[in-house]
Amino acid sequence: MSKDWPLWEVFIRSRQGLDHKHVGSLHAPDARMAMENARDVYTRRQEGVSIWVVESKNIHASNPDEAAQFYDPAEDKVYRHPTFYNVPDDIEHM
Amino acid sequence: MKQDYVLHLADTHLILGQRLGEWCGHNFVLEQDIAMSNIALDLFGQCRSLYQYAAELGGNTQTEDQLAFLRGERQYKNHLLVEQPNGDFAFTLARQFFFDVYHQLLCEELVKCSDKQLQAIAEKSLKEVRYHLTWSSEWMIRLGDGTTESHDRLQTAVNELWMWTHELTTTASYEKALDVPKPANFRTAWQAKVRAILNEATLEIPADGTQQAGGKEGIHTEHLGYILSEMQMMQRTFPGMTW
């Protein structure tokens with residue numbers, strides 16, 4: 001039966017965390033059930049205090065075939081990292 | 001007397017947990033396998049607290065394990081509803097739903113009772129029980145108001161289980177004598193909640209025909225013996241065995 005149900009991606013915010021992190025996916029007939037299933041499957045060991053579910057089909061992913069043109073050009077542009085500034089001595093915690 | 005009452009509560013949790021546990025590894029989707037095992041584990045957690053309390057009330061002549069694993073069929077005081085076989089998913093679901101409505105009403109009353117121990121157990125249980133009822137209500141609505149097949153299967157389950165539901169809101173002799181919630185007092189509330197969900201699920205409410213009772217006083221259907229023989233086999237074969 002689960003193959004007839006849409007796939008959902010589950011995001012959980014942990015007690016200490018500020019952001020929701022992707023933890024996995026599951027099948028459910030609708031959003032409400034996806035939420036309940038996520039609670040049962042992914043928070044049984046106190047993993048979180050907030051859940052997001054989103055139907056997998058609504059996620060637009062980058063194409064692995066385009067990885068070269070997407071990511072490689074950043075490779076030789078180290079100057080984009082803010083490591084070329086001289087930090088004055090009396091500034092701490094930088 | 002009070003021990004009888006606490007054992008009645010504990011036995012009901014244990015037998016329903018055991019029934020739900022039978023689904024483990026056999027459910028139709030992984031998500032529900034985990035959901036139903038979670039509910040079973042909640043019930044086992046609650047029954048442990050209750051058996052520990054029952055052992056204390058009995059002067060600790062028996063441990064919680066002895067109470068759970070070494071009593072006979074006639075000493076069990078669970079509701080007849082919870083010992084009924086799992087059947088198909090609709091059957092298990094309807095049984096769970098009828099129980100959850102009762103269970104929430106019971107816990108809401110127990111948190112107000114004079115016994116501090118029962119009050120504490122009920123307070124801890126209530127959060128779990130509210131979730132159980134949400135889970136079973138959502139499924140009742142989806143399957144009742146789902147396809148023709150899911151509707152028909154669930155209606156059959158509701159009809160066949162109906163005669164075991166009356167016992168949930170009967171008051172046993174030991175309940176009359178104690179300062180504990182009287183289930184007969186929340187019959188109206190039970191019926192109202194069940195009606196509301198069945199209506200939303202487009203299911204017919206069965207007519208009140210013959211009603212069965214007796215479990216709370218130790219008179220059971222033939223199913224309990226089979227549950228106990230499977231559940232108690234290890235302790236009876238290897239007394240005192242631990243993991």
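A crossing is left-handed if the near helix is turned anticlockwise from the far one by less than a right angle, and right-handed if clockwise. I use helices (H or I, at least four residues) and strands (E, at least two) as DSSP runs, numbered from the N terminus.

This is a predicted model, in which local features need pLDDT of at least 70 and side-chain atom pairs count only at pLDDT 80 or more, while totals for chains, interfaces and linings use all residues. Residues are numbered from 1 along each chain as its sequence is written, and chains are lettered from A and ligands numbered from 1 in the order in which they are written.

**Entry: α5(B) and α9(B)**

I looked up the crossing of α5(B) and α9(B), and it is right-handed. The axes of α5(B) and α9(B) (residues 187-200) come within 10 Å and cross at roughly 135°. Axes here are lines fitted to C-alpha atoms, for helices over the stretch in contact, and angles run from 0 to 180 degrees between N-to-C directions. α5(B) and α9(B) are therefore oblique to each other. (Under 35 degrees counts as roughly parallel, over 145 as roughly antiparallel, 65 to 115 as roughly perpendicular, and the rest as oblique.)

Next I listed the contact residues. From α5(B), Phe98(B), Val101(B), Tyr102(B) and Leu105(B) meet Ala189(B), Trp190(B), Lys193(B) and Val194(B) of α9(B). By class, this contact has seven nonpolar residues, no polar and one charged. Contact means C-beta atoms, placed from the backbone, within 7 Å. Ala, Val, Leu, Ile, Met, Phe, Trp, Tyr, Cys and Pro count as nonpolar, Asp, Glu, Lys and Arg as charged, and the others, Gly among them, as polar.

**Entry: α5(B) and α7(B)**

α5(B) (residues 89-110) packs with α7(B) (residues 148-165) at about 45°, with axes 8 Å apart. This pair is therefore oblique too, and α5(B) passes α7(B) in a right-handed crossing. On the α5(B) side I find Ala90(B), Phe91(B), Ala94(B), Arg95(B) and Phe98(B); α7(B) brings Arg153(B), Leu154(B), Ala157(B), Val158(B), Leu161(B) and Thr165(B). The tally is eight nonpolar, one polar and two charged.

**Entry: Leu110(B) and the cores**

Leu110(B) lies in α5(B). Leu110(B) is buried, with 20 other C-beta atoms within 10 Å. (Buried takes 20 or more other C-beta atoms within 10 Å, exposed 12 or fewer, partly exposed in between; C-beta atoms are placed from the backbone.) Leaving aside neighbours within four places in sequence, Leu110(B) touches Leu118(B), Gln119(B), Ala122(B) and Pro181(B).

I then checked nonpolar cores, meaning sets of buried Ala, Val, Leu, Ile, Met, Phe, Trp, Tyr and Cys residues joined through C-beta atoms within 7 Å. The largest has 64 residues, of which Ala10(B), Leu50(B), Ala54(B) and Phe98(B) touch the most other members. α5(B) gives the largest share of this core, 13 residues. Apart from it lies another core of 11 residues, including Val10(A) and Met33(A).

**Entry: positive phi**

Most residues other than glycine have a negative phi. I noted two with positive values. Gln46(A) has a phi of about 60° and sits in the loop between α1 (31-42) and β3 (50-55) of chain A. Gln46(A) counts as exposed, with 8 C-beta neighbours inside 10 Å. Thr202(B) has a phi near 55° and is in the loop between α9 and α10 (223-237) of chain B. Thr202(B) is partly exposed, with 13 other C-beta atoms within 10 Å.

Notes:
Contact = placed C-beta atoms within 7 Å.
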